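Please look at the sequence and the structure shown below before reading on.

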Amino acid sequence: QLQLAESGGGLVQPGESLRLSCAASGFGLTYYAIGWFRQAPGKEREGVSCISSGGGTTNYADSVKGRFTISRDVTSSTVYLQMNNLKPEDTAVYYCAADVLAVEAMCDVIPKDYTYWGQGTQVTVSS
C-alpha cells in the first residue's frame with residue numbers, strides 16, 4: 001500500500017531554517033514525482049516544490065525560490081524540503097504527495113495532479 005508520512009515541522013522564528021522529510025512506503029521514488037504543498041488557514045492548498053521521478057527535474061513556487069530546496073534519498077525512500085530564511089507567511093500545514101502519472105523528466109506543483117497524500121506537518125514561523 002502506497003503511503004507518505006511527513007515529519008520535521010515545528011515552531012521557528014523568522015530567518016531560521018527547518019528541514020521537512022517525506023517518507024514513502026509501498027513504492028520507490030523512481031516511479032513517481034513527489035511534490036510538497038502547503039495550506040494556511042482559510043487559504044487554498046498551494047504548490048511549493050516538486051521533484052521528478054527521474055530526479056533530474058525540480059520546480060519551485062516563486063514565493064520560495066532561492067529559500068527552499070527539494071532533494072531526495074532513493075535508498076531510504078525519503079524526500080526532503082530544506083527551508084531557509086523562513087518568513088511568517090510560510091506558516092502552514094505542509095504536505096507531500098505523489099503524482100502517479102507524471103513522466104520521468106517532469107513534475108508540477110498543481111495539487112489536482114497528485115493522487116496520494118500524507119497527513120501533513122505544521123510549520124509555524126513567528127517571533
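Leaving out residues up to four places away in sequence, L4 touches C22, A23, A24, F27, I34, C96, A97, A98, Y116, W117, G118 and Q119, where contact means heavy atoms within 4.5 Å. The model is a predicted one, in which local features need pLDDT of at least 70 and side-chain atom pairs count only at pLDDT 80 or more, while totals for chains, interfaces and linings use all residues. Residues are numbered from 1 along each chain as its sequence is written, and side-chain values use heavy atoms, with hydrogens and water left out.

**Nonpolar cores**

- L4 is one of the residues with the most contacts inside the largest nonpolar core, together with I34, W36, L81, M83 and Y94, and this core has 28 residues.
- Two or more residues of this core come from each of strand 3 (18-25), strand 4 (33-39), strand 5 (46-51), strand 7 (68-73), strand 8 (78-83), strand 9 (92-99) and strand 11 (121-125).
- Another core, of 7 residues, lies apart from the largest one, and among its members are F37, C50, A97 and C107.
- A nonpolar core is here a set of buried Ala, Val, Leu, Ile, Met, Phe, Trp, Tyr and Cys residues joined through side-chain atoms within 4.5 Å, and buried means under 20% relative accessible area, exposed over 50%, and partly exposed in between, with a 1.4 Å probe and protein chains only.
- In soluble globular proteins, nonpolar side chains tend to be buried together.

**The chain as a whole**

- The secondary structure of the protein chain comes to 0 helices and 11 strands, where helices (H or I, at least four residues) and strands (E, at least two) are DSSP runs numbered from the N terminus.
- The protein chain has a radius of gyration of 13 Å, close to the 14 Å that the globule rule gives for 127 residues, so the chain is as compact as a globular protein of that length; the radius is taken over C-alpha atoms, and the rule is 2.2 Å times the number of residues to the power 0.38.
- Taken along the principal axes, the box filled by the C-alpha atoms of the protein chain is roughly 40 × 25 × 25 Å.
- Of the 127 residues in the protein chain, 42% are buried.
- Among contacts in the protein chain between residues at least 6 apart in sequence, 61% join residues at least 24 apart.

**Buried strand residues**

- C96 lies in strand 9 and is buried, with a relative accessible area of 0%.
- Not counting residues up to four places away in sequence, C96 touches L4, E6, C22, I34, G35, W36, Y116, W117 and G118.
- C96 and T115 are 19 residues apart in sequence, and their C-alpha atoms are 11 Å apart in space.
- A33 lies in strand 4 and is buried, with a relative accessible area of 0%.
- Leaving aside neighbours within four places in sequence, A33 is in contact with residues including I51, S52, A97, A98, M106, C107 and Y114.
- A33 and V103 are 70 residues apart in sequence, yet their C-alpha atoms are 8.1 Å apart in space.

**Loop residues**

- S77 lies in the loop between strand 7 and strand 8 and is buried, with a relative accessible area of 15%.
- Leaving aside neighbours within four places in sequence, S77 is in contact with C22, A23, A24, F27 and L29.
- The phi of S77 is near 55°, a positive value in a residue other than glycine.
- N85, in the loop between strand 8 and strand 9, has a positive phi of about 50° although N85 is not a glycine.
- Most residues other than glycine have a negative phi.
- N85 is partly exposed, with a relative accessible area of 41%.
- K43 is found in the loop between strand 4 and strand 5 and counts as exposed, at 58% relative accessibility.
- K43 and A92 are 49 residues apart along the chain, and their C-alpha atoms are separated by 9.5 Å.
- Q119 is found in the loop between strand 10 (116-117) and strand 11, and, not counting residues up to four places away in sequence, Q119 touches L4, A5, E6 and Y95.
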